[in-house]
Structure formats: structure tokens, C-alpha cells
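The sequence and the model are shown first.

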Amino acid sequence: MFSVLIEGWNMIGYTLPFSQDVAATVEGIVEHIQIIKNNAAEVYWPEFGFNGIGDFLPGQGYQINVSENYNGFSYPETQGQRFDLVPTVP
């Protein structure tokens, strides 16, 4: 299933039946991502190397803010890959 992300805020649902690392999952579009938030107000903020969400969870929804339109977004299977991020202070 492919989604269209429009510039600004979007709501997305995580549709895979298993959890996986947020940073590894969105690696292919990270240059477009401003921030991703979950329902608990935890964030993945790539500009500062911060992943407070950890994993996308099956059936959960997320808010994502992108800097430009992106056609054809889908969740790739990362085969358990995890990214260790080094947070930076703004």
C-alpha cells in the first residue's frame, strides 16, 4: 500500500504486523521528515538525531510533518535493522 504525504502535517497508520525501528523504517525519506509524533507525544526528530518513539507499533497511528510532498510512501521491512542515533542539542 502506497501513501501520498503532503507538505506539512499528515496522519499515517502503521500497517505492518510487527514492530520495527522508526529511524530504520523511514530512512528512505528522512530528508523530507521534519518530525514524527505518536499518541503519547513521543517524537522522532531526525534533525537532532533523536528517536524518542523507538519502534513503530502495529495498528498505531502517527503524525508526520514533511517538508515537501512525497508520492509513493510505504513501510519497508527492515529485517530487524536498528539505527543508533547520536542526539545533538539545538
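## Sheet arrangement

An open sheet of five strands is ordered E2-E8-E4-E5-E6, with antiparallel pairing, where two strands count as paired if DSSP finds at least two bridges between them. Strand E2 (8-13) and strand E6 (50-51) lie at the edges with a single partner strand each, so one side of each has no neighbour in the sheet. Between E4 and E8 the antiparallel pairing extends over four bridges, and Ile33 stands opposite Val66 in E8.

## Basis of the description

The model is predicted: local features need pLDDT of at least 70 and side-chain atom pairs count only at pLDDT 80 or more, whereas totals for chains, interfaces and linings use all residues. Residues are numbered from 1 along each chain as its sequence is written, and side-chain values use heavy atoms, with hydrogens and water left out.

## Chain as a whole

The chain has one helix and nine strands, the elements running β-β-β-α-β-β-β-β-β-β from the N terminus; helices (H or I, at least four residues) and strands (E, at least two) are DSSP runs, numbered from the N terminus. The radius of gyration is 12 Å, close to the 12 Å that the globule rule gives for 90 residues, so the chain is as compact as a globular protein of that length; the radius is taken over C-alpha atoms, and the rule is 2.2 Å times the number of residues to the power 0.38.

Of the 90 residues in the chain, 38% are buried, with buried meaning under 20% relative accessible area, exposed over 50%, and partly exposed in between (1.4 Å probe, protein chains only). Along its principal axes, the C-alpha trace spans about 35 × 30 × 25 Å.

Leaving aside neighbours within four places in sequence, Phe56 is in contact (heavy atoms within 4.5 Å) with residues including Tyr14, Val22, Val26, Ile36, Tyr62 and Tyr75.

Most residues other than glycine have a negative phi. Ala41, although not a glycine, has a positive phi of about 65°. Ala41 is found in the loop between E4 and strand E5 (43-45) and is exposed, with a relative accessible area of 60%.
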